[in-house]
Amino acid sequence: MGEQTQAYEIQGLGVSAGSIYGPAVIVLNSIDVDPDEPGSVDAVADTERVKKAMKAVSEALALQAAEADGAMSEILLAQSSLARDRGLRKAIAQKIEKGSGRTHAVREAVEEYAAQLAALGGYMSERAADLRDIGDRIIAHLRGIPAPGIPALKQPSVIIAHDLSPAQTAMLRPELVRGIITVAGGATSHTAILAAQLGIAAIVGAKGATDIPSGTVVGLDGSSGMVWVNPSEQVCADLDKKARIRAQVLAHAGGAGATKDGHPVVLLANIGTVADAVAVADKAVEGSGLFRSEFLFLDRADAPTYEEQAESYTAVLEAFGDRRVVVRTLDAGADKPLAFASQEEEENPALGRRGLRLSMAREDLLDTQLKALAAAQDATGGNLWVMAPMVSTTAEAQWFADKAHSYGLQRVGIMIEVPAAAIRAQQLMKYVDFASIGTNDLTQYTMAADRLNSAVTELNSYWHGAVLDVMKAACDGAHANGKYIGVCGEAAGDPLMALVLVGLGVGSLSMAAPKVPAVRFALSRHDFAQCGAIAQAALSASTAEEAKEAVKALVNPDVLEIS
């Protein structure tokens with residue numbers, strides 16, 4: 001297969017499971033400025049044309065959002081809002097006033113803005129890619145040429161790009177897109193979120209992928225992150241076998257999560273919007289272990305009102321009925337700044353005033369949110385659990401628990417995503433009812449490796465012994481107090497790591513809904529004692545690679561075919 005290209009492999013970061021192969025289609029994202037464009041001689045007229053172009057781009061994205069649902073709709077709406085951003089419009093106007101042509105002014109302003117966002121890291125660094133996509137769309141409109149997009153596909157293909165914008169990803173048709181490979185992006189990029197929602201195998205952080213010639217057959221495993229360029233017949237056969245087994249698992253997995261001997265493990269879904277809740281509630285999940293409430297707050301000029309929040313929380317609780325819904329209170333600030341909660345600029349936003357730290361500084365925001373959550377609880381009688389993000393000290397845990405309980409909220413917990421909280425979990429858990437380990441942040445903080453930086457992907461692995469140690473400390477601290485602990489990070493959706501986590505003593509695993517069947521299957525093939533032995537093998541390993549291999553040596557062979 002694909003004789004024109006020498007066979008080789010690329011290691012990326014798997015973000016959406018699936019084992020496939022097909023012809024590569026390279027997507028070129030960037031739109032060039034008009035090479036023949038003169039400098040501006042009528043700044044007023046040129047600025048007006050740019051304003052009209054921004055409005056047209058915003059309206060086109062809003063139309064796409066109206067035709068989408070769930071996280072896809074929310075992301076497209078955020079893009080639509082970005083396309084009419086006043087600050088961007090003003091920056092472009094200033095470039096025009098200084099003599100730049102229209103498309104050159106757009107490119108210059110966008111690049112300056114994007115550089116500022118990229119420097120913030122985390123969530124905001126990913127908005128830099130979104131902003132560049134907006135700039136390309138504005139330039140395309142000004143030049144009267146098609147907006148950046150994926151070429152028309154004539155057969156099921158593998159899309160390869162430096163990065164994909166939300167608008168591009170939203171237009172993907174799973175029946176024609178077998179897989180996605182990008183050079184940029186991280187585990188929480190829009191590509192990762194939307195690919196998982198669409199059930200398309202995806203790998204990000206695959207350096208050199210855009211050098212693959214179009215038409216070359218490529219294989220990919222969205223679990224391991226491995227890309228095969230011009231794969232051998234044996235590799236293709238192995239991918240086909242793994243895909244068949246995975247399809248069988250997904251077709252028949254159902255029921256409550258439990259180990260082979262009946263030890264219960266609650267399997268939950270991560271959600272970010274009311275639409276997500278409605279969509280996920282119809283699937284075989286036992287509730288939501290993470291409702292990211294910050295999506296109600298982001299990309300707004302003003303904070304959502306008590307009434308708006310109460311309506312949203314009520315709708316989410318109604319969607320799940322008597323099933324558990326764990327709401328994370330506002331996790332914003334620093335790398336996810338709010339227009340209505342401005343703070344002083346921070347040199348290292350990832351270590352700044354975010355999560356509960358921001359809520360303690362802006363107590364009014366938290367008070368309104370807790371009041372709205374309590375109202376939703378009263379209106380529905382739902383199974384509501386509420387937890388605070390970025391808790392580091394016993395004082396913070398006690399402060400949040402006291403405040404939440406004062407509003408009548410009964411199940412109050414904390415996120416354990418800072419090593420300090422994991423190490424001192426025995427002390428923190430005295431003040432709260434439960435905890436949930438956020439493995440994404442806990443891993444990056446333990447290993448000092450930005451989870452969105454593909455250059456340090458090898459360090460950013462929850463298989464590292466230090467990460468396993470702090471997760472064990474968190475579990476031990478919870479158990480010492482007779483308290484409940486779960487996991488709601490990326491690790492929860494990895495069938496192999498799920499066995500380790502259950503062996504450490506977690507009671508629930510929350511993940512992207514499409515990942516639940518594979519995890520349920522893995523648990524059903526091992527008894528609780530085996531999970532304990534698997535966890536001990538991982539803890540005893542010297543490296544992340546050795547830990548994963550030690551686990552593979554102990555698990556049921558069928559599980560390896562879906563991991």
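The model is predicted, and local features need pLDDT of at least 70, while side-chain atom pairs count only at pLDDT 80 or more and totals for chains, interfaces and linings use all residues. Residues are numbered from 1 along each chain as its sequence is written, and side-chain values use heavy atoms, with hydrogens and water left out.

Helix α16 itself spans residues 439-447 and is mostly covered, since 8 of its 9 residues are buried. Helices here are DSSP runs of H or I with at least four residues, strands are runs of E with at least two, and both are numbered from the N terminus. Buried stands for under 20% relative accessible area, exposed for over 50%, and partly exposed for what lies in between, with a 1.4 Å probe and protein chains only. The buried residues of α16 are Thr439, Asn440, Asp441, Leu442, Thr443, Gln444, Tyr445 and Met447. Among the elements that cover them, through contact (heavy atoms within 4.5 Å), are the strands β13 (411-416), β14 (434-437) and β15, together with the helices α14 (419-423) and α17 (465-480).

One of these buried residues, Asp441, also belongs to a network of salt bridges that links it with Glu294, Arg328, Asp331 and Arg354. A salt bridge is counted where a side-chain nitrogen of Lys or Arg lies within 4 Å of a carboxyl oxygen of Asp or Glu, and a search of the whole structure finds 19 of them.

Elsewhere, the side chains of Glu363 and Lys403 meet in a salt bridge at 2.8 Å, N to O. Because Glu363 lies in helix α12 (residues 363-380) and Lys403 in helix α13 (residues 394-406), this pair ties together parts that are 40 residues apart in sequence. Glu363 is partly exposed, with a relative accessible area of 33%, whereas Lys403, at 12%, counts as buried.

A further salt bridge joins Glu490 to Lys515, with the closest N and O atoms 3.2 Å apart. Here Glu490 sits in the loop between β15 (484-487) and α18 (495-504), and Lys515 in the loop between β16 (508-511) and α19 (516-524), so the pair ties together parts that are 25 residues apart in sequence. Glu490 counts as partly exposed at 28% relative accessibility, and Lys515 as buried at 15%.

Arg173 and Glu175 form another salt bridge, their closest N and O atoms being 2.9 Å apart, and Arg173 is partly exposed, with a relative accessible area of 47%.
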